[in-house]
Amino acid sequence: MRTTNMNKKIAKTQLLVALMVAVALLLTPAAQAAAPGITGPTFNLTAQPAFITQPDGSFVYSWGYGCNGAPTAFAPAAISGGTCPSMQVPGPTLIVRQGQTVTVNLANNLPARAGNTSILFPGFNVTTSGGVAGLLTQEAVPATGAGCVPATACVSYTFTATTPGTRSYYSGTQGDLQVEMGMYGAIIVLPSTVPSACTSGVHATNLTAKQPNQVHAGLEGDFRLEAAAYNHPGACYDREYLFQFSEMDPRIHREAEQVATCVAAGAVTCPANMDGVATEPYVPAFFMINGRSMPDDMDGNYAPQYPHQPYNGNPHMHPGELVLLRIIGQGRWQHPFHEHGNHVRVLARDGNLIQSATNPATNLAGPLLFTTTTTPGEAIDGIFYWTGKGLNWDPYGHAPGTTSATCTPDSNGYNTGAPGAINYFEWCQDHNKPLQATPVGSVGAGGPITLPNPNIFANGAWYGGSPYLGPEATVRAVGPTGTTPPSGTVANSPTDEAGFAFMWHSHNEREITTNNIFPGGMMMMMLVDSREFVIDESF
Ligand SMILES: [Cu+2]
């Protein structure tokens, strides 16, 4: 991995240069993420067709679950403007509390030739009512009218949310076709009890207490669903994201559309069902995270341009925070998802917290993963952590010599003595070290990178011209003349994002394409923002 730096507003489509590169960027604060969904414990869902879009301009005929009427509520509460359309891919994220009795009522509004449909909830003891018997569970027959007409067009699934964690749900009927068509989603069970260690100090649910500095007080919302993923002190977290991996073969979708819309005329007869739609050979062309491909996944949740793909994939964090990743393999293939910047510490698989055999109350035993596997049907909860330790340069470039940027190392080397400090959790050994090796007029020892000569390097849209990041980058930039910034240095506004980004992507690089065009597919950017930047995921 090499590093470069960029200090300018960039368009999402320009991010693509960043393959295998950790980049520092400056974005307008316009990207929400979190793990949004709907709350129950009763959910009224419908299965319907619609077209989803891909960044190459394709409209892909798909089937998905959606809300049958308005949901009870949206979560997290800090995100407003939630939508739950009658068809979406992935299906609505169902958010419930451990111990609740969950009921999911499903109406089958798929095309008649799609036949029956159903939902499986692996990991739960499900009782069913209504519908007709199917191979794996009770199924709903195609509706012929509004509501449950016939009555067997609706089916109900009821179960107790016995244990917390992230799990998938998906069609239990003709799964090779229906899951491919988009019939999957996630269920998140929040723990009934949260350890006190997860709601105090740096993990306080009161963000004013958690981040009391002058910029954040009262400004930065809490976008978590809960303060801990499990009732265990090792499961605290500060932010959370849900990523569902899947892939699509457009040939299958095209054939299903042809069957669904076929009109018999004269000698032309139509297939009675989807049995003739071959699901092999399987040649996927779209590789999606939460139903979207890069760069669409970097637009906001509920962005109006994706009426049937409401969820994005665009993680954010401040240094030192614990980021909960909820990852599900929803497709047929396994996608090695690589979180650049650090390994991911696995908390649980399929809602099973991995605890130490000898000291389970305090110690967890999940592995550190270089790539998080996305085994089809499997869900992982894991913690991602990043501080900037060991970079050998100061990724935030706070104003030198000011009291706000004093870095006093704790026993681990981090500036944690004053949670209100703007550079809380900075790695003090690199404090004030510029990115650039021995730059003229810079403060402190030089960093690891030799930047291009400012006289030949075009400063501007991609590179601000300063060897520093952060709000002080411009004023700290000093050119060869000793006092003035390099020609063309682009000023940073203190309120602009000037963070550090890691490309997170499938390590099967065939999968970071969209319909064979690079870049695209399973790719996103983890944006690490120093704390002067308010991460606002509410719009
Ligand atoms: Cu990589």
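Visitor: What is the volume of the largest cavity?
Guide: In this predicted model, the largest cavity has a volume of about 50 Å³.

Visitor: How many cavities of 30 Å³ or more does a search of the whole structure find?
Guide: The search finds 3 cavities of that kind.

Visitor: Which residues lie nearest the centre of the largest one?
Guide: Those are Pro-319, Tyr-396, Ile-422, Asn-423 and Tyr-424, out of a lining of 10 residues. Sorted by class, the lining of this largest cavity consists of 5 nonpolar, 3 polar and 2 charged residues.

Visitor: How does one look for empty space at all?
Guide: A probe the size of a water molecule is rolled over the atoms, and this shows where empty space is left.

Visitor: Let us change topic. How many helices and strands are there?
Guide: The protein has 4 helices and 26 strands. It has 539 residues, and 58% of them count as buried. Among contacts between residues at least 6 apart in sequence, 72% join residues at least 24 apart.

Visitor: Which residues touch the most other members in the largest nonpolar core?
Guide: They are Trp-63, Ile-119, Phe-121 and Met-274, in a core of 37 residues. Several elements give two or more residues to this core, including strand 4 (42-53), strand 5 (59-67), helix 1 (175-181) and helix 3 (250-261). Apart from this core lies another, of 23 residues, with Tyr-241, Phe-287, Leu-391 and Val-528 among them.

Visitor: How many residues apart in sequence are Arg-113 and Ala-256?
Guide: They are 143 residues apart in sequence, while their C-alpha atoms are 9.2 Å apart in space.

Visitor: And Ser-171, is that one buried or exposed?
Guide: Ser-171 counts as buried, at 3% relative accessibility. Its place is in the loop between strand 13 (165-170) and helix 1. Not counting residues up to four places away in sequence, Ser-171 touches Tyr-65, Thr-117 and Ile-119, among others.

Visitor: On to charges. How many salt bridges does the structure hold?
Guide: It holds 8 salt bridges. In general, side chains of opposite charge can pair when their charged atoms come close. One of the bridges joins the side chains of Glu-255 and Arg-251, at 3.4 Å from N to O.

Visitor: How are Glu-255 and Arg-251 placed in helix 3?
Guide: They are 4 residues apart in helix 3, so about one helical turn separates them. Glu-255 is partly exposed, at 25% relative accessible area.

Visitor: What does Arg-332 form with Glu-280?
Guide: Arg-332 and Glu-280 form a salt bridge, with the closest N and O atoms 2.7 Å apart. Arg-332 lies in the loop between strand 18 (322-329) and strand 19 (337-339), and Glu-280 in the loop between helix 3 and strand 16 (286-289), so the pair ties together parts that are 52 residues apart in sequence.

Visitor: Is Glu-280 buried or exposed?
Guide: Glu-280 is exposed, with a relative accessible area of 52%. Arg-332 is partly exposed, at 30%.

Visitor: Which residues are linked in a network of salt bridges?
Guide: The network links Glu-240, Arg-326 and Asp-381.

Notes:
Residues are numbered from 1 along each chain as its sequence is written. This is a predicted model: local features need pLDDT of at least 70, side-chain atom pairs count only at pLDDT 80 or more; totals for chains, interfaces and linings use all residues. Side-chain values use heavy atoms; hydrogens and water are left out. On a 1 Å grid over the protein atoms alone, a cavity is a set of points where a 1.4 Å probe fits but cannot get out, and a pocket is an open set with protein on both sides within 12 Å along at least five of seven lines; lining residues have an atom within 4 Å of a point. Grid points are joined across faces, edges and corners, and a volume is the space filled by probe spheres set on the points. Ala, Val, Leu, Ile, Met, Phe, Trp, Tyr, Cys and Pro count as nonpolar, Asp, Glu, Lys and Arg as charged, and the others, Gly among them, as polar. A nonpolar core is a set of buried Ala, Val, Leu, Ile, Met, Phe, Trp, Tyr and Cys residues joined through side-chain atoms within 4.5 Å. Buried means under 20% relative accessible area, exposed over 50%, partly exposed in between (1.4 Å probe, protein chains only). A salt bridge is a side-chain nitrogen of Lys or Arg within 4 Å of a carboxyl oxygen of Asp or Glu. Contact means heavy atoms within 4.5 Å.
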